[in-house]
Amino acid sequence: MPKEKTKKTPLSNVKSWLEKQIVSGKLKPGAKLPSIKELMEMFDISYMTVSRILSALSREGLIETRRGSGSYLCGNKPLTVLVCIAPSMLSFERFHELLKQYTDQAELNIEFEFCNASAILDPGMRRKMQERYAAVLSTSYVNENLPMLPPALLSQFPDYKKVMSELKPVPGHSYDYALPFLEVVYQMGVNQKLLSEVGYEPEQLTGDFLWWDDFVRKCRKKHLTPASMDYTKASWFLIQSFFSVLLALLPYSKEKYEGEEPMFNTPEGERFFRIVDEMEFLTPDSPASRNFYRNGAVLSFSVGSWITVQNHSQSHPEKAVDHLGIVAYRNRLGEKIVLVGPSSLRAFFRHDIRIDERKRVWELMKIMVSREFQIALCSETGNVSPNRLVQPSDYRWNVTPDAANFIPGDSDHVFYDSDLFALPQKVMLSIFLENYRFFNAPLKETLQRMDIKKVCKNLYK
């Protein structure tokens, strides 16, 4: 039987007319609607029907009715949105300028306040956020299990599928409550002047790390630090800082990384631990003479694409490598390995947020993942965009062959650091790695126990 068409009601007819007027720009937020008499004539309906429709639209938050004055389209009242971002990515002031630049034309009538993304982890701060803001936006890693404010179900918006079709989601992750936002790509950082002093060229830094022992000997002979990495005792997941090294030494396979096939208790695994042995782990008190970012170490194994704009910048004086080079990790076949740290944009709505306010926040989110805004933001932060319409040539920082190593290509092996190991695995593997490096745990025992624990991915489901 043919599918019966849904019969249009007077309410749906008026709503459809309102939407067309808004889209065409004929009705702006705060604009006065036609009078009851005019609506009766426009839609050939009775006074009581118009009255019921206006009441329904008011309950939905689309209009507001003022006694003795008439009905008005909502949206003219300012909405304050709290935006939670990492200030290391971009200053609050500059992020605000970018948002205003791209949102003012949309006439969303939104005012912005900013805080550090980590504030959302504090229960007291979350309570204050809910009391003060009807809407909060936050950026976080894709699989970060945040203590949530009430999340916004984005898939309820009519054009959600269209928006998602223009973005590249991380495979296997749900985006009902988030949009792909930014990506940091990690490769090996090289101080080319120091590398030359040791007698090496970037091309010799192959992914099998067979050069490592000789390289370390030559560094020690020159009184140079082979490689350095920032470290604090409270750091999460030390193993994550070595993901690129692991992928180069131990090419990914489901059985090796998730199954019972030995991964660490192998010749490559032992070589991995020799690399960890010689790593200089930096604390805030460490001298600059050992810091890669202060010309004190030859290598850094996990340099993010942000270095393309932050190196020697006024906003990040702690990043100052005079002869910076970026070497792409490659497997034994010479194929490029790209490790990506993805983040998502999430919205949190308080229970009393109005429907028009929800829509305005959704329009804001669409702007933030749009091609134009993403190009501007990524060009200033060194991030890579998940927007499919953004091309490598769009990034202002992508002007050298070294910088291009951060751009994933169609034939490259792309891995997301959020997916390599599940949370229980990251916790246990990091503990074992720290126990070996900082608390003198035996090597053989550590290798065996890490292989046992890496299969724990499904234990806590």
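This is a predicted model: local features need pLDDT of at least 70, side-chain atom pairs count only at pLDDT 80 or more; totals for chains, interfaces and linings use all residues.
Which loop is the place of Asn 109?

View 1. Residues are numbered from 1 along each chain as its sequence is written, and side-chain values use heavy atoms, with hydrogens and water left out. Helices (H or I, at least four residues) and strands (E, at least two) are DSSP runs, numbered from the N terminus. The C-alpha trace spans about 90 × 50 × 45 Å along its principal axes. Of the 461 residues in the chain, 49% count as buried; here buried means under 20% relative accessible area, exposed means over 50%, and partly exposed lies in between (1.4 Å probe, protein chains only). Contact means heavy atoms within 4.5 Å. Among contacts between residues at least 6 apart in sequence, 72% join residues at least 24 apart.

**View 2. Helix α11 passes α16 in a right-handed crossing.** Two packed helices are described by the angle between their axes and the distance between the axes. Axes are lines fitted to C-alpha atoms, for helices over the stretch in contact, and angles run from 0 to 180 degrees between N-to-C directions. A crossing is right-handed if the near helix is turned clockwise from the far one by less than a right angle, and left-handed if anticlockwise. Here the axes of α11 (residues 267-278) and α16 (residues 423-439) come within 10 Å and cross at roughly 55 degrees, which makes α11 oblique to α16. Angles under 35 degrees count as roughly parallel, over 145 as roughly antiparallel, 65 to 115 as roughly perpendicular and the rest as oblique. On the α11 side, look for Phe 272, Phe 273, Val 276 and Asp 277; they meet Leu 433, Tyr 436 and Arg 437 of α16. By class, this contact of α11 with α16 has five nonpolar, no polar and two charged residues. Ala, Val, Leu, Ile, Met, Phe, Trp, Tyr, Cys and Pro count as nonpolar, Asp, Glu, Lys and Arg as charged, and the others, Gly among them, as polar.

**View 3. Helix α16 meets α17 (residues 443-453).** Their axes come within 10 Å and cross at roughly 180 degrees, so α16 is roughly antiparallel to α17. From α16 come Gln 425, Met 428, Leu 429, Phe 432 and Tyr 436, and from α17 come Leu 443, Thr 446, Arg 449, Met 450 and Lys 453. This contact of α16 with α17 divides into six nonpolar, two polar and two charged residues. Tyr 436 of α16 is also part of the contact with α11.

**View 4. Helices α4 and α14 make a right-handed crossing.** Helix α4 (residues 92-103) packs against α14 (residues 371-381) at an angle of about 160 degrees, and their axes are 11 Å apart. The two helices are therefore roughly antiparallel to each other. Arg 94, Phe 95, Leu 98, Leu 99 and Tyr 102 of α4 touch Glu 372, Phe 373, Ala 376, Leu 377 and Glu 380 of α14. Seven nonpolar, no polar and three charged residues make up the contact of α4 with α14.

**View 5. Asn 109 sits in the loop between α4 and β4 (110-116).** Most residues other than glycine have a negative phi. Asn 109, which is not a glycine, has a positive phi of about 55 degrees. With 30% relative accessibility, Asn 109 counts as partly exposed. Asp 44, in the loop between α2 (36-43) and α3 (47-59), also has a positive phi, near 55 degrees. Asp 44 is exposed, with a relative accessible area of 71%.

**View 6. Leu 167 lies in the loop between α6 (160-165) and β6 (178-191).** At 1% relative accessibility, Leu 167 counts as buried. Leaving aside neighbours within four places in sequence, Leu 167 is in contact with Leu 179, Pro 180, Val 369, Pro 386, Asn 387 and Arg 388.
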